[in-house]
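Hi,

Here is the structure I said I'd pass along.

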Amino acid sequence: MGDETQQALSALLHERRRFGPPEELAARANAQPGIYDEAAADRLGWWAAQAAQLQWDEPWSEVLSWHLPDARWFVGGKLNVAVNCVDRHVAAGHGDRVAFHWEGEPGDRLTISYAELQRLVCKAANALTELGVREDDKVAIYMPMIPETVVAMLACARLGAPHVVVFGGFSAESLRGRILDCEATTVITADGGFRRGAASALKPAVDEALEQCPAVSRVLVVRRTGQATGWTEGRDHWWHEVVNRQPETHQARSFDAEHVLYIMYTSGTTAKPKGIFHTSGGYLTHVTATHRLIFDIKPENDVFWTAADIGWVTGHSYIVYGPLANGTTSVIYEGTPDTPTRERWWEIIERYQVTILYTAPTTIRTFMKWGDDLPGRHDLSSLRLLGSVGEPINPEAWMWYRAHIGGDRCPIVDTWWQTETGGVMISPLPGITATKPGAAMRPFPGVEAEVVDNEGKAVGNGEGGYLVLSSPWPGMLRGIWGDPARFAETYWSRFPGSYFAGDGAKKDEDGDLWLLGRVDDVMNVSGHRISTTEVEHALVDHPAVAEAAVVGASDPTTVQAIVAFVTVKGGVDESGGVGVEELREHVAAVIGPIAKPRQILLTPELPKTRSGKIMRRLLRDVAENRDLGDVTTLLDPTVVNAIRERMGAGAGEDD
């Protein structure tokens, strides 16, 4: 990074606010101060102690076998993931404990105990067996946020059939590509789901995808919306007809710790998504330990809500596997935060007395934009802990989250991790850490992370660089499905001996970690490397700004130029309440003149996926006047076209 940018970044991340753990939480916390030293003194022994809290049918002979880039954890050990998530809690006398409070978007509700979940999973496993699913068969799951989605995943895990969950917002083409890549032979889907007050069909996309997937011989369909569906006799089966008539018991088998649990596809630098796969013993150990310690889970008292979609890794790790393995009561919600009103989330927290909320900064900033009064109308006093996930959180959103959702009493755990890592890697521990707004703080115990320069040398405090993981961890990806060469090249070639996360990071003056987003979101402006996250933080620091997305656009003079897309807070008149030049000068004041955007476009909305991620790729296409390509995964595809029209009209140009 250039000297000017480095100095500006130091000023931006010079955060003096500290929020220590509440005394009562600290006294009873699952993680106590000696945990970091204990893990550092014997890292593998510490992870073995975490694994020992699971139910193993055969013990392991070796904690870790490591031959870069191939890792095997808990070598020789055998277990069943579904048994660990359900059966063992019933056997321990906790069958009456609620596993899930489920709420559908139209308002239908269902509460499922661990004993009921066990019966449902056994029936589904028997149904899949009857249909011909066997160990190692891949099962694609293309479902809305309904209880059957969790049941299907656990039934697959019970049978040793790796599941491939495909987010319900993806197109038929995306589904087809994933099915073909992993050679799935079975699809579990629904007629549709509910989104923004309307039924959204899913089965037609499956039918279209399967026109070119001849290996798929069975499709199991949940009736959710009652929409008419196409039907292929002999291939398609109704869930209720096949599953409901099955026995309620099923004899589970044990599988090797390295048996593949699931494959999840994530975007890469090429057009072809990467099939990241995780195995059973190490992954379950990692998500169980991080869930228990980072969220300070007390399963007999807590109601945990990860407000994400199961189609993403956050849903896998912290809706399904981590919480269930810890015997936790969780909330699952099918729909969007603004259906039927923008108070839906706060009503859910009141109704189920949610104690822990885990959501994305994008969603938090949306709530900020909607105003402080909406959460203020509801009793959120049941909350005791808040979490953030998915992208770096700017300090302003962090403070709003703490004040207006957490009542200035709830610690915030800002977590960094990836599909590839399986579980959280960097986070505060709520009973130990004095947190800073916007900082991820330090690696989880047993995780070794570092910030390095271009040569792979560790940077000092107050400096930025590339985030790497310097030793294996239990939840790590075991590869890219069918492409070991791409696995080695993508993750292990940039800094030999270390996993390169693809993210930039900064150590502040205390050595605490701040995440700066993807390195491909680092712009080269006149030779200065400027993170889009830095500029976004500076923009959202302005009192009138609710949300900002920044991209780099090609520029003949500066190589890249900074283009910002900004939404203002509710009640602020975007035409007169805040000026483009005022925002440009604000960025210059916070970071430095080199970071002043060439162009700022004020827009009522930003293009987001249905999971709430801002589609910066599309904004880059808009900024450079390229074809937009597929926009089917957007929550509202019309937003990006409206932005393009504004851009074409010259709105927000620097005169």
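Let me start with Trp 46, which is buried at a relative accessible area of 4% (buried is under 20%, exposed over 50%, partly exposed in between, with a 1.4 Å probe and protein chains only). Trp 47 is buried too, at 0%. These two Trp residues make an edge-to-face aromatic pair, with 5.0 Å centre to centre and 75° between the planes. For pairs, ring centres of Phe, Tyr and Trp (its six-membered ring) must lie within 6.5 Å; planes under 30 degrees apart are stacked, over 60 edge-to-face, and the rest tilted.

Tyr 491 and Tyr 499, on the other hand, are stacked, at 5.3 Å and 10°. Tyr 491 is buried with 4% relative accessible area, and Tyr 499 is buried with 0%. Both belong to a cluster linked by ring pairs, along with Trp 66, Trp 473, Phe 487 and Trp 492. The total comes to 34 aromatic pairs.

Some housekeeping: this is a predicted model, so to speak of local features we need pLDDT of at least 70, and side-chain atom pairs count only at pLDDT 80 or more, while totals for chains, interfaces and linings use all residues. Numbering runs from 1 along each chain as its sequence is written, and side-chain values use heavy atoms, leaving out hydrogens and water.

Zooming out, 63% of the 655 residues of the protein chain count as buried. The C-alpha atoms fill a box of roughly 70 × 60 × 50 Å along the principal axes.

Cheers
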